[in-house]
Amino acid sequence: MKKSYDVVIIGGGIVGCAIAFELAQRGRRDVLVIEKGYLTSGATGRCGAGIRQQWGSVLNATLASESTHIFENLEEYTGYNGSCGLNQGGYLLVAYTEKEWQQFHKNLEVQHSLGIDAYAVDLDGAKEIVPHINTEGMYGATFCAKDGHADPFHCTFAYAKGAQKLGVDIETYTTVTGLKVENGRIHMVKTDKGDITAKLVLNCSGGHAAKMAALINEELPIFPERHQILISEPVAHIMNPMVMSFHRHFYVQQTPHGSVIMGIGDPTEPVSFNTRSSWQYLEENAHIVTQTLPAFRNLRVVRQWAGLYDMSPDRNPIINEAKDALGFITVAGFSGHGFMVAPRTAILVANHLTGQEDNLDIKRFSADRYRTGELLLEPSVV
Amino acid sequence: MVINGQDIKNQNTIVCRCEDITRGYILKCIEDGYKTLDEIKRVTRAGMGPCQGRTCRQLIAQELSRIYGVPMEDVLMTTFRPPVKPISLGALADAYGEREGKA
């Protein structure tokens, strides 16, 4: 670690590592990534790692769809000699209310306008895709065969190793202890391993982003929210797609390795940095999921854990430069879908920071939208 | 294979029986720059199977201890997560039903 860098990135999750790689690709290689644990030790390594193009807003569908194209070739794209574990088994989104079913049809119009190959199926159609699904109470479902799942560890390591090959430094087990502003610009990052001066500092610290911004007295509406998840022992393959319900707040996916990974959202979960597991969650998740997928009753859970969503008020990312600390840019607030949009978001940020054009307008992601009311509304989130 | 000046033998020995991970693969990860049990677990899946690392955790810790020259007790452990042993979703779902009076 040197004493001075052009760019310091705080956070070694997929967002920080992907931005480091994209910056280096564009010639900004004097970059340091700081991570307080090991790479992926925050939200990235705890997430479900689903990749879904079936979104209801043009912006999210675009980010996710263009990111999917990168995930499809991530090993070649980054020069990684491992496998990023992409499995495009599709997503089956099931509708449990009439309103949800109508929304799905509106979402399909958005998706079709962007060339995303998703379609609606009736209950028999859903059973053709997942033969053991219980369709009781369902109105229908939509399916996109190119949706899927990747390995969050290997995807992040791929970006990190690719960035390192281009000259980026990565310091793990290094904690930020302070930030220093000089003449209205960010000047220094203080860490437990020493102080580093930088022209640009990118705050990619997920659920900790507001706390980090508070170090320069910037207030950001990003708050941490615990989400719990579990995984089973590996079993023979019986389900290719991710099955997901917004109404019942669950998602279930069988990985190529055979284990089944699933999680539920809890609308009453309080704002906190709590990442402990609870037995109540374990029972509730089992109850909800076995209603829709009774075949999984015999499946044995081997591990449960929890991680933090970095929530924003409109559940979409905030890309924002601090007004009183120019050069301090937050890229966080992904609200549970950061993994799947990280590749395209990193390109957007890197294009902006290297003066290159981008057909997406980065200003739309500014936190100013909460003042002007130009929110990034998304009807379909878990 | 030589790591840190040490000649490594018995590379085909299975270290993680749940996921069929050999000693050679673990050492390859260490050679690739992964420094902790947490990282090696995530790269190789060692410790993610039904026994949750009961066998391999100490064996991998031994390799890290030897190669980096740190005492065993200073090797950073992974988080021990519930459940203690595998338990079926059906049993858990029934417990939810009893708790909520929906059995």
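**Helix packing, aromatic contacts and backbone features**

In chain A, residues Ile14(A), Val15(A), Ala18(A), Ile19(A), Glu22(A) and Leu23(A) of helix H1(A) touch Phe339(A), Ala342(A), Ala346(A), Ile347(A), Val349(A), Ala350(A) and Leu353(A) of helix H9(A), where contact means heavy atoms within 4.5 Å. These contact residues comprise 12 nonpolar, no polar and 1 charged; Ala, Val, Leu, Ile, Met, Phe, Trp, Tyr, Cys and Pro count as nonpolar, Asp, Glu, Lys and Arg as charged, and the others, Gly among them, as polar.

The model is predicted, with pLDDT of at least 70 required for local features and 80 or more for side-chain atom pairs, while totals for chains, interfaces and linings use all residues. Residues are numbered from 1 along each chain as its sequence is written, chains are lettered from A and ligands numbered from 1 in the order in which they are written, and side-chain values use heavy atoms, leaving out hydrogens and water.

**Helix pairs**

- The axes of H1 (residues 14-25) and H9 (residues 338-353) of chain A come within 8 Å and cross at roughly 40°; axes are lines fitted to C-alpha atoms, for helices over the stretch in contact, with angles from 0 to 180 degrees between N-to-C directions.
- H1(A) and H9(A) are therefore oblique to each other, the class left once angles under 35 degrees (roughly parallel), over 145 (roughly antiparallel) and 65 to 115 (roughly perpendicular) are set aside.
- The crossing of H1(A) with H9(A) is right-handed, meaning that the near helix is turned clockwise from the far one by less than a right angle.
- In chain B, the axes of H1 (residues 23-31) and H2 (residues 37-44) come within 10 Å and cross at roughly 120°.
- That angle makes H1(B) oblique to H2(B), and their crossing is right-handed.
- Tyr25(B), Ile26(B), Cys29(B) and Ile30(B) of H1(B) meet Ile40(B), Val43(B) and Thr44(B) of H2(B).

**Aromatic rings**

- The whole structure holds 6 aromatic pairs over all chains, a pair being rings of Phe, Tyr or Trp (its six-membered ring) with centres within 6.5 Å.
- Phe21(A), Tyr77(A) and Tyr159(A) are linked by ring pairs into a cluster.
- Arg52(A) lies over the face of Trp55(A), 3.8 Å from the ring centre; a charge sits over a ring if NZ of Lys or CZ of Arg is within 6 Å of the ring centre and within 35 degrees of the ring normal.
- In chain B, the charged end of Arg57(B) sits over the ring of Phe80(B), 4.0 Å from its centre.

**Backbone**

- The peptide bond from Pro82(B) to Pro83(B) is cis, with omega near -5°.
- Thr40(A), a residue other than glycine, has a positive phi, near 80°.

Technical notes:
Phe/Tyr/Trp six-rings, centres within 6.5 Å; stacked < 30°, edge-to-face > 60°. Helix = DSSP H or I, 4+ residues; strand = E, 2+ residues; numbered from the N terminus.
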